[in-house]
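Look over the sequence and the structure before reading on.

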Amino acid sequence: MKLFPIFADLKDRLVLVVGGGAVAERKTLSLLEASADVLLGAPELTPALAALAAEGRIRHLAGRFDPAWLDEVWLVVAATDDRDTNAAVSEAAHARRIFSNVVDDPELSSFQVPSIVDRSPVIVAISSSGVAPVLARRIRERIESLFDHTLGQLAGLAASYRKRIRASHPDLGARRRFYDWLLDGPVAGFLRQQQPAQAEAALAAALAAPRAPDAGSVVLVGAGPGDPGLLTLKALRALNEADVILHDRLVSGEVMSLARRDAERTSVGKLPGEDHNATQARIHRLMVEHAHAGRRVVRLKGGDAFIFGRGGEELEYLRAHGVRYEVVPGITAALACAAYAGIPLTHREHAQSVRLVTAHCREDEDNLDWPALAREKQTLAFYMGVGQLDLLTGRLLAHGRSPDTPFALIENGSRPEQRVLSGTLEQLPALAAEHAIRSPALLIVGEVAGLASQLQWFGQHLDGRLERLAA
């Protein structure tokens with residue numbers, strides 16, 4: 001081990017920063033966050049550093065480095081753009097046995113400043129011993145995605161109750177199990193929901209009881225359209241904390257591969273032709289059964305659970321059965337598929353509004369406002385419309401939408417096999433049949449769809465209009 005990791009208490013201790021530029025500014029702000037008494041030596045300062053000096057938050061020593069500046073300091077950081085000056089700072093600090101850091105110069109440094117994941121009072125520090133700072137930054141980014149920003153609040157709450165926790169759980173094994181419950185259960189959940197009073201009440205109630213209850217919960221997670229890179233950080237954390245994952249049919253394998261390896265996985269996706277109401281009732285039962293058994297359940301839905309996803313019905317059922325729940329939004333298909341096809345849903349010259357429409361209905365159940373949908377200067381995004389293209393086209397044309405209106409049909413949006421078929425509205429059913437477009441696919445109708453051929457950047461683009469002209 002080349003470096004010995006250490007966390008220094010710098011509160012009210014004198015730290016010297018040599019330099020007055022942008023790097024020195026960054027280091028100074030970090031030291032102030034640690035409540036250090038910062039002494040800044042430099043001929044000139046950035047406006048932000050000058051403001052800190054004027055406010056009395058730091059002390060400024062004007063001029064070039066003088067070894068006398070090191071008197072009484074605990075630590076020194078050299079952050080100038082002159083290596084001779086930095087070397088002089090390092091040499092003088094070494095002679096006084098003061099730890100020094102020369103920014104981006106490990107050879108001159110006696111300590112390294114690590115990359116930090118700050119969930120105070122929990123702090124994670126990552127170091128590459130100064131040889132690969134970009135790697136350390138990448139590792140920090142990964143760790144940042146694993147821990148919710150309320151982790152610090154949870155640690156602070158645990159610290160304030162530490163004596164009571166030890167008194168109520170004198171056995172080490174029981175105390176560890178209690179802390180597991182504290183980290184994974186309702187207390188952490190209330191903090192994520194920005195309800196600190198309820199979190200503390202839940203902790204106090206658990207300490208008053210003979211033992212902490214095993215309370216399960218459900219997290220309703222939107223998985224996005226398929227590209228695992230579009231998964232939110234909260235969704236990734238939920239997948240890695242889940243005991244049980246109830247997932248839809250269209251959730252991609254790449255997204256599922258990010259989940260906790262030992263989680264129980266059950267496919268609850270609805271299939272064409274089956275009784276969807278019966279399937280939904282089964283989903284409701286499974287969520288409640290697992291939660292009442294004390295498990296952490298992730299209900300994983302493609303896209304966003306609240307856009308044509310029955311997410312509201314599932315929350316109503318959970319609430320009626322006393323199950324604690326959270327919601328993690330996902331990127332809905334209209335946003336993702338349009339972006340991956342290079343189609344802006346709104347555009348100053350083409351569309352000032354967007355309508356999200358489900359096309360999943362029979363002709364005798366059709367109650368959509370077709371005159372409103374047929375108006376120009378708006379974008380229509382039809383979900384689940386591949387099997388209804390003849391009906392959709394006929395309705396729009398019958399209510400006045402121009403036959404020349406551009407469309408884009410996006411198959412497997414955001415996935416490696418994405419195809420985008422574009423053309424004019426009157427050609428839509430024929431072109432879709434010609435290219436064998438299959439579900440999952442999103443239909444975009446409106447002037448903005450005409451930009452697909454110009455702005456496409458991902459996957460395969462099939463321009464039906466050009467093929468017709470060539471023929």
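Q: Is Phe308 buried, partly exposed or exposed, and which relative accessible area decides this?
A: The model is predicted. Buried means under 20% relative accessible area, and exposed means over 50%. Phe308 falls in between, so the residue counts as partly exposed, with a relative accessible area of 38%.

Q: Is Tyr383 buried or exposed?
A: The cut-off for buried is under 20% relative accessible area. Tyr383 has 9%, so Tyr383 is buried.

Q: Which kind of aromatic pair do Phe308 and Tyr383 form?
A: A pair of aromatic rings is described by the distance of the centres and the angle of the planes. For Phe308 and Tyr383, the centres lie 5.0 Å apart and the planes make 65°. Planes over 60 degrees apart count as edge-to-face. The pair of Phe308 and Tyr383 is therefore edge-to-face.

Q: How many residues apart in sequence are the parts that the pair of Phe308 and Tyr383 ties together?
A: Phe308 lies in the loop between β11 (296–301) and α13 (311–320). Tyr383 belongs to strand β14. The pair therefore links parts whose separation in sequence is 75 residues.

Q: Which strands are the edge strands of the open sheet?
A: The sheet has six strands, in the order β13-β14-β17-β15-β16-β18, with mixed pairing. An edge strand pairs on one side only. That applies to β13 (354–358) and β18 (460–463).

Q: Which residue in β14 is the bridge partner of Leu356?
A: β13 and β14 (residues 379–383) pair in the parallel sense, over five bridges. In β14, the partner of Leu356 is Ala381.

Q: What angle does the direction of helix α14 make with that of β17?
A: Helix α14 (residues 333–340) packs on the sheet. The helix touches β13, β14, β15 (406–411) and β17 (441–445). Its direction makes an angle with that of β17 of about 75°.

Q: Against which elements do the buried residues of α16 pack?
A: Helix α16 spans residues 389–398. Its buried residues include Leu389, Leu392 and Leu396. The buried residues of α16 pack against α15 (370–373), β14, β15, α17 (428–434) and β17.

Q: Which residue just after α16 takes a positive phi?
A: The phi angle there is about 105°. The residue is Gly400.

Q: Over the ring of which residue does the charged end of Arg13 sit?
A: The charged end of Arg13 lies 4.4 Å from the ring centre. The ring is that of Trp74.

Definitions and conventions
Residues are numbered from 1 along each chain as its sequence is written. This is a predicted model: local features need pLDDT of at least 70, side-chain atom pairs count only at pLDDT 80 or more; totals for chains, interfaces and linings use all residues. Side-chain values use heavy atoms; hydrogens and water are left out. Two strands pair if DSSP finds at least two bridges between them. Helices (H or I, at least four residues) and strands (E, at least two) are DSSP runs, numbered from the N terminus. Contact means heavy atoms within 4.5 Å. Axes are lines fitted to C-alpha atoms, for helices over the stretch in contact, and angles run from 0 to 180 degrees between N-to-C directions. Rings of Phe, Tyr and Trp (its six-membered ring) pair if their centres lie within 6.5 Å; planes under 30 degrees apart count as stacked, over 60 as edge-to-face and the rest as tilted. Buried means under 20% relative accessible area, exposed over 50%, partly exposed in between (1.4 Å probe, protein chains only). A charge sits over a ring if NZ of Lys or CZ of Arg is within 6 Å of the ring centre and within 35 degrees of the ring normal.
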